Amino acid sequence: MAGTAVLGRLSWQVAQVSATVDETARVRTIRLDAGQWPGHRAGQHVDVRLTAEDGYQAERSYSIASAPGQGLEITVERLEDGEVSPYLVDELRAGDGLELRGPIGGYFVWDGDDDRPVLLVAGGSGIVPLMAMIRHRLTIESSAPMRLLYSSRTIDEVIYRDELDRVAADAEGVEIFHTLTRAQPAGWTGYARRIDQELLREVSWAPADGAGVFVCGSTRFVEAVAEGLLALGHDPLSIKTERFGGTGG
Amino acid sequence: MPHFISRGFQGRRRRDDPEGRVPPGQYLTDDFPVLSAGPTPHTPLERWSFTIRGGAEPVTWTWDELRALPTETFTVDIHCVTKWSKLDTVWEGVSVETLLEHVDHHSDYLVAFCDGGYTTNLPLEDVTGGKAWIAFAYDGEPLDPEHGGPARLLVPHLYFWKSAKWVRGFDLRDEDEPGFWESNGYHLYGDPWREQRYWGD
């Protein structure tokens, strides 16, 4: 829990990669065995540090994908101009070590300690911390109504697609809405446009229902979603955002 | 203790750091990423004001009054706790020192408050002596709302979350009290050269 972080420094430790899972052509999940992992909250992230033979180092932050208490997994998208993400997606393999510290962040988190509705809005790899929240809800058998609105360019770029399909089919109280903005397969019944105010109106609860909202994606995506929710009358303080600029990675 | 080596990692070394201007753990970017905990506020200038509380009496400037104060154009490097650094950014603003000259106080700390509810804490000595500004222009243009416009605090020698966007004033304090990120796992002071990112660093 976050409270433990105040007790001491978040120390660097070498975790062991126990498995990797290719989610899409550009996205990989890395399962890690971190001996001194203090546990985490859904929505938190870790810092990862790579070190070359000559001592050169590069650090980045990655959202945790796994539910609290369900081990440590990160899901990483390869950025073509990136320095760290190509290594994590293409080079790193089971048995390797990976230096990290965490968990980090105490605001963009969902603990599931009340039954308020939760709206999750993801753009691309912004799904990762929100997936931790969905998994957490299922793990603790929360009765908080949860909806995910997930924007991807194409069906092949939908991360966790099979798992989300299973959640949509099986989980009571969890609803999944996809929108594909660039291309849609034949017979597609989901949304087929960028998220706009009307789409948010259809998917979100009324502001009076007091839903907590988590939005994660690129800056342009988050700005558009947050503006749309404000225009629908949602309380700015109910909307938590996490943005990535798509730089460096 | 020998350092852990990441098997097969070369690193891009996209640019050298010839003058030692990139703090540990940071990488350079030419972009200007945006990080905010919530939606971007849009306060009209006619309703905008800047207030310093906690002195002998509160002192408030309207937008026009703030813009009538002497301004400075300055070039600084900025360092975000999410690891990016950006060199030679050009800003225009009013020095915090200029504002504090109008306030009768004996405080050692401040909490900056903002539209949207964000706060951040700073020692007074880190915002005086030409080290901090209320900035309203970036790269010769009015500051974009997603980057903190109409005005943001700029304290470039600390991690960039201290440079509070949408700033509306200061509460002067006798004690150092944690602000928003400082209450959510991030360091109370935030010196990038000592890599003070998180609690306990």
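What share of the contacts in chain A with a separation of 6 or more comes from residues 24 or more positions apart? I looked this up and found 72%, where a contact means two C-beta atoms, placed from the backbone, within 7 Å.

A note on the source: this is a predicted model, so I kept in mind that local features need pLDDT of at least 70, side-chain atom pairs count only at pLDDT 80 or more, and totals for chains, interfaces and linings use all residues. Residues are numbered from 1 along each chain as its sequence is written, while chains are lettered from A and ligands numbered from 1 in the order in which they are written.

Next, I checked the make-up of chain A. I found six helices and 11 strands; these are DSSP runs numbered from the N terminus, helices being H or I of at least four residues and strands E of at least two.

Then I turned to the open sheet. Its five strands follow the order β9-β8-β7-β10-β11 in chain A and pair in parallel, a pair needing at least two DSSP bridges. β9 (174-180) and β11 (239-244) of chain A are at the edges with a single partner strand each, so one side of each lacks a neighbour in the sheet.

I also followed one pairing: seven bridges link β8 (residues 146-152) of chain A to β9(A), and A:Met146 has A:Val174 as its bridge partner there.

Last, I looked at the contact between chains. Chain A gives 40 residues and chain B gives 36 residues. On chain A, α1 (2-5), α6 and β11 are among the elements that each supply at least two residues to the side touching chain B.
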